[in-house]
Amino acid sequence: MLSFNATDAEYLEELAGYVAVPSVSRDATEETMRTAAEWLAAQLSFADARVVATEGHPLVRGEWLGAPGAPTILVYGHYDVQPTGDLAEWNTPPFELVVDGDVIRGRGVTDDKGPVFIVLKVAQAFIEQEGALPLNIKFLLEGEEEIGSPHLPAYVREHADELAADLVISADGAMWRPSEPSLSIASKGLVTLDIEVTGADADLHSGRFGGTVANPVHALSEILAGLHTADGRVAPEGFYDGIPELSDERRADIAAVPFDEDHYREGLGLDEVFGEAGYSTLERLWERPTLEINGIRAGGKYTVIPHVATGHISCRLVPGQRPERVLAAITDHVLAQKIPGVRVTVRPDEAGVPAYTIPADHPAIRAASAALGHVYPGQDVLLAVIAGTLPATALFEEVLGAKTLFFSFSTADENLHAPNEFMRVSRLREGMRAWEQLWRLLAEGPHRLAPVRGGGSA
């Protein structure tokens, strides 16, 4: 076994330098994003790491291929982070790693800088202590995951031969909850769009013109309210096309998962939960698609009738749904509503992502379960679903012919994308031990990874 000899303080001091780089892919400068990428490349010097330009933010590539005859894996992660949101809601500065008891806080500590850091330390320990890695490993770390990875597809297609692997292992993702180890066997897809309602040519004085023109905010509110029925079902016809019925067997599997709905509700500060009728809370989270209104932009607290109002919409998709058909269903539904005095436009965003699944009996799931069993002896490994979206998974399967194993030591309750993001300090060492075991198991023995179409050498 490897020895991870650094103290927690030493690991955290190193991670703090990474977290301090405000690599917000939505609006950071080119210099800032390159600084984060160069930090990663320096950590991977043993793997001939380099920062690679794209049409957007740079990628970090590296490979160590010194294990002839062994399987090849591609490690995926990202160095970009979400915007901070309202700084007043943060208890500590977002780009300063702060130790708070048994957790660390800061933007990116759990999504995805901390989980990627774990992989780096494991790889470095193998090289320093054994002089080699147990299998061939390629690294692909991107800087645009939080904005939908818009430039990753073109890059992966152009460099498919170089990236070929028997399996992709993602440091991104999250365990479902802290009470037991878990692996995700699916993630939801994603489409996003804007609905824009326009009235007059400019904002109007609400006294001089009120009552004589249509108000775009009112019209938009009608449209948005009409996207769901009263019982929580998504209203546009065709939205659910392609989704298979939830089987009795799957429902029984989900019902068997320990889940305290009262605790879930109380943890959110709610009096009651709500969602699509006919499904339990956990069934909605794992098996059903969603349509959410993420924001409305219009006017303000001053006495005008805004001339334009925009609603931002996102949909999480499940297997069977096609992103383009979901967008078409919503567009047809919205434009069919005839609201006098305004013009309505639907603007879908690019890069729709389909849902992703990996079979529960896939060899990588078996190996990962065994690795977690080594770190968490006596605990069952829960097979869960990521209700969020990781855009790269479908891409890797399509272009490289390789499945993706989610193996993150983030946990879903750690305020990912929200103020006061945190990560449990214990997860760092637990993750290092688990990644070590996973690589060893995939390299040899009963869980050895067999080659698949598209990559690897076995």
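Student: Which elements each supply at least two residues of the lining of the second largest pocket?

Tutor: This is a predicted model, in which local features need pLDDT of at least 70 and side-chain atom pairs count only at pLDDT 80 or more, while totals for chains, interfaces and linings use all residues. Residues are numbered from 1 along each chain as its sequence is written, and side-chain values use heavy atoms, with hydrogens and water left out. A pocket is, on a 1 Å grid over the protein atoms alone, an open set of points with protein on both sides within 12 Å along at least five of seven lines, and a lining residue has an atom within 4 Å of a point. With helices (H or I, at least four residues) and strands (E, at least two) taken as DSSP runs numbered from the N terminus, the elements are β8, α9 (281-287) and β15.

Student: What volume does the second largest pocket have, and which lining residues are closest to its centre?

Tutor: A volume is the space filled by probe spheres set on the grid points, which are joined across faces, edges and corners; here this comes to about 340 Å³. The pocket is lined by 20 residues, and the closest to its centre are R250, W286, E287, P319 and T357.

Student: How do the residues of that lining divide by type?

Tutor: Ala, Val, Leu, Ile, Met, Phe, Trp, Tyr, Cys and Pro count as nonpolar, Asp, Glu, Lys and Arg as charged, and the others, Gly among them, as polar. On that basis the second largest pocket has 13 nonpolar, three polar and four charged lining residues.

Student: Where do β15 and β16 stand in their sheet, and why is one side of each without a neighbour?

Tutor: Two strands pair if DSSP finds at least two bridges between them. The open sheet has three strands in the order β15-β8-β16, with mixed pairing. β15 and β16 (382-386) each have a single partner strand, so one side of each lacks a neighbour in the sheet, and both stand at the edges.

Student: In β15, which residue is the bridge partner of A186?

Tutor: β8 and β15 pair over two bridges in the antiparallel sense. The β15 partner of A186 is T357.

Student: Which strand gives the largest share of the lining of the largest cavity?

Tutor: A cavity is a set of grid points where a 1.4 Å probe fits but cannot get out. The largest cavity holds about 70 Å³ of space, and its lining includes S182, L183, S184 and F406. Its lining divides into seven nonpolar, four polar and no charged residues. The largest share, three residues, comes from strand β8 (residues 182-187).

Student: Is H362 buried or exposed?

Tutor: H362 lies in the loop between β15 (356-357) and α11 (363-375). Buried means under 20% relative accessible area, exposed over 50% and partly exposed in between, with a 1.4 Å probe and protein chains only. Because its relative accessible area is 18%, H362 is buried.

Student: Which residues does H362 contact, leaving aside its neighbours within four places in sequence?

Tutor: Contact means heavy atoms within 4.5 Å. The contacts of H362 are L167 and K403.
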